[in-house]
Amino acid sequence: MLQELFTPSVQHALELVGIFVFAISGALLAVRKNFDVFGMAVLAEVTALGGGLLRDLIIGAVPPAAFTDLGYFVTPLVATGLVFFLHPHVERIQVAVNVFDAAGLGLFCVSGATKAYEYGLGLTASATLGLATAVGGGVLRDVLANEVPSLLRWDRDLYAVPAMVGATMVVLCIRFDVLNPFTSGLAAVTAFLLRLLAMRYHWRAPRAWNRRSEASEDEHKATA
Amino acid sequence: MLQELFTPSVQHALELVGIFVFAISGALLAVRKNFDVFGMAVLAEVTALGGGLLRDLIIGAVPPAAFTDLGYFVTPLVATGLVFFLHPHVERIQVAVNVFDAAGLGLFCVSGATKAYEYGLGLTASATLGLATAVGGGVLRDVLANEVPSLLRWDRDLYAVPAMVGATMVVLCIRFDVLNPFTSGLAAVTAFLLRLLAMRYHWRAPRAWNRRSEASEDEHKATA
Amino acid sequence: MLQELFTPSVQHALELVGIFVFAISGALLAVRKNFDVFGMAVLAEVTALGGGLLRDLIIGAVPPAAFTDLGYFVTPLVATGLVFFLHPHVERIQVAVNVFDAAGLGLFCVSGATKAYEYGLGLTASATLGLATAVGGGVLRDVLANEVPSLLRWDRDLYAVPAMVGATMVVLCIRFDVLNPFTSGLAAVTAFLLRLLAMRYHWRAPRAWNRRSEASEDEHKATA
């Protein structure tokens, strides 16, 4: 089954699923920020395609896939339409969205790292670009919406780490010459499951030493 | 007359006009945000050249025109100087600025789509990049000024749609092989007039279904 | 001594120092914004490498140096670790950080302008890219942290001007064919010293005409 997972057409279909769910998260944030339907479409496109766009600019793959594959462009518009008409339902199924988003994360960290290596980057750089592909769209989404990127906030469940693990698995497989559809799939599934576990058990990353005490001082100042 | 409109030198002059008025809007925002004169210059440059820069990076036209044409670089500095010394007057003539900005919008959506197609992108991608060229600078301006991009806000008159219409007209003309100075000019003028009408009659785009009721809930929470 | 300053290995070491101190400033901002350790690492990397990344994308040097030189990538992580465990001490030595940051500024405006010229850009464009290399990372840092870029704020000591002077000195040396390790070093040292003086004497740039009176009006509105 996993072998089949990475025939070109199936992989393309999976990428479209990832793009779709990322786009849903962008459109939903636009609704929360009270943007109009065009703002929703812009945020959906940026969230879904921004990470890959960044990667393609950096590795010199121009024009980026986001601008050569019509399916990549149209999918976020479909997501926008869905959110536009159904967003109370879409918000209600937030759990499902989170699961799909985790799937997108797993998929993109693997495909991003693989593509970067194919374009001649080193192993560390490929892993970094896998991570950037997976999380870049969400960061751009939050920057455009004028919010602190949820990637950076300590009060959110781990998001970068699962993608980091998946991308690192890919480059380790490359290093030891065992990258194949099965190991690729394993890396994607690992990232996916780690993210699900992080959400389930609210795994968080530590802040800098002694931070808590100072944070309460900050609150003090804020209320003063 | 429109034939003449697109001889290289006249087109260049028109682009400089577009750059100039976009730069004015950037410098004015910098004044409102209380930035110093260098902040004004940065915001003027970014607003005027950001959209084209983004397009050139994506289509692989490096170094981008913004860095090879001295006139493109100097024009925003002139605009900055003008706003620096005259900004109460410049703000008073906001109507004129808006009209010029609309002209810039019309011009850039056409030149952006045309250049993207010349670099081998497909029709949909070319239209998208025409739109990105026209609105990208303004989005970067707002992001740097730490504001929600006015492009995305529902309470602003339609801005993206006129550019979208202009860029779409261009790619349709390409598709049916009738792109010439006259039809290019027609697309630019159409976008220009649509933007003027949107401002005159406060055309706005809808927000997602049921949004209004929830917005008032939000206000509730905010005041609570 | 200055001759030695620009042998490849010494220059590389100096660039790593610049990257390190820029990364410190990114990690410290992350601590102040209450980000977790991964947010600190992201902000450190972006601050340290963002300016050079931007330059490399614009001049078409892909993959950018940030992704081909492992030392460039690892240095910000070391800075993150240091801030993570020692940040109260790092903040206490803010003066030292500022001095190093000024050194990074001087170094990057020179190396940025030089590299841009080597890639075929004109003199004005090279000077601009020298400036962008030196200040770009800090702007990206502030945008990601959802703050108004300190580069643009009038109430901060001059930061862009020293880099502008340094980059301009480089292109003037190129223009008059006297660019050598000594003049390069002189440009870097000039930018460095100007920045130190700007901090020591709180040099600031003027805001637009009549701005002060309106600023107090703004405060009025804010308190109303």
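This report walks through the symmetry, the interfaces, the salt bridges and a surface patch of a predicted model.

## Ground rules

Since the model is predicted, local features need pLDDT of at least 70 and side-chain atom pairs count only at pLDDT 80 or more, while totals for chains, interfaces and linings use all residues. Residues are numbered from 1 along each chain as its sequence is written, chains are lettered from A and ligands numbered from 1 in the order in which they are written, and side-chain values use heavy atoms, with hydrogens and water left out.

## How the copies are related

Two copies of a chain are related by a rotation about an axis and a shift along it.

Chain A goes onto chain C by a rotation of 120 degrees with 0.0 Å of shift along the axis, and the RMSD is 0.0 Å. In chain A, Asn146(A) has the C-alpha nearest the axis, 3.8 Å from it. The copies use different surfaces here: 10% of the contact residues of chain A recur in chain C.

The size of an interface is often given as the accessible area lost when the parts come together. Between chain A and chain C, about 2500 Å² is buried, and carbon and sulfur atoms give 70% of that (accessible area by a 1.4 Å probe, summed over both parts). Polar contacts are on the list too: 4 residue pairs across this interface, both at pLDDT 80 or more (N or O atoms within 3.5 Å, one able to donate a hydrogen and the other to accept it, with residues adjacent in sequence counted only if both atoms are side-chain atoms). On the side of chain A that touches chain C, helix H3 (37-59), helix H6 (123-144), helix H7 (160-175) and helix H9 (211-223) each give two or more residues (helices are DSSP runs of H or I, at least four residues, numbered from the N terminus). H6(A) gives the most, with 6 residues.

The contact takes 31 residues from chain A and 28 residues from chain C (heavy atoms within 4.5 Å). As for salt bridges between chain A and chain C, the count is 0.

## Where chain B meets chain A

This contact takes 31 residues from chain B and 28 residues from chain A. The buried area is about 2500 Å², with 69% from carbon and sulfur atoms. There are 0 salt bridges between chain B and chain A, but 4 residue pairs are in polar contact. On the chain B side, the elements with two or more residues are H3, H6, H7 and H9 of chain B, and H6(B) has the largest share, 6 residues.

## Salt bridges and a surface patch

Over all chains, the count comes to 18 salt bridges (a side-chain nitrogen of Lys or Arg within 4 Å of a carboxyl oxygen of Asp or Glu). One of them pairs Glu147(A) with Lys33(A), at 3.2 Å from N to O. Glu147(A) sits in the loop between H6 and H7 of chain A and Lys33(A) in the loop between helix H2 (8-32) and H3, so the pair ties together parts that are 114 residues apart in sequence.

On the surface, Leu70(A), Val74(A) and Val78(A) make up a nonpolar patch with about 240 Å² of accessible area together (residues with over 30% relative accessible area and no salt bridge, nonpolar side chains joined within 5 Å; areas by the Shrake-Rupley method with a 1.4 Å probe). Leu70(A) belongs to helix H4 (residues 70-92) of chain A.

Definitions and conventions: Patch = residues over 30% accessible without salt bridge, like charges linked within 9 Å, V, L, I, M, F, W, Y side chains within 5 Å. Buried area = accessible area lost by both parts, 1.4 Å probe. Least-squares fit on C-alpha atoms with pLDDT ≥ 70 in both.
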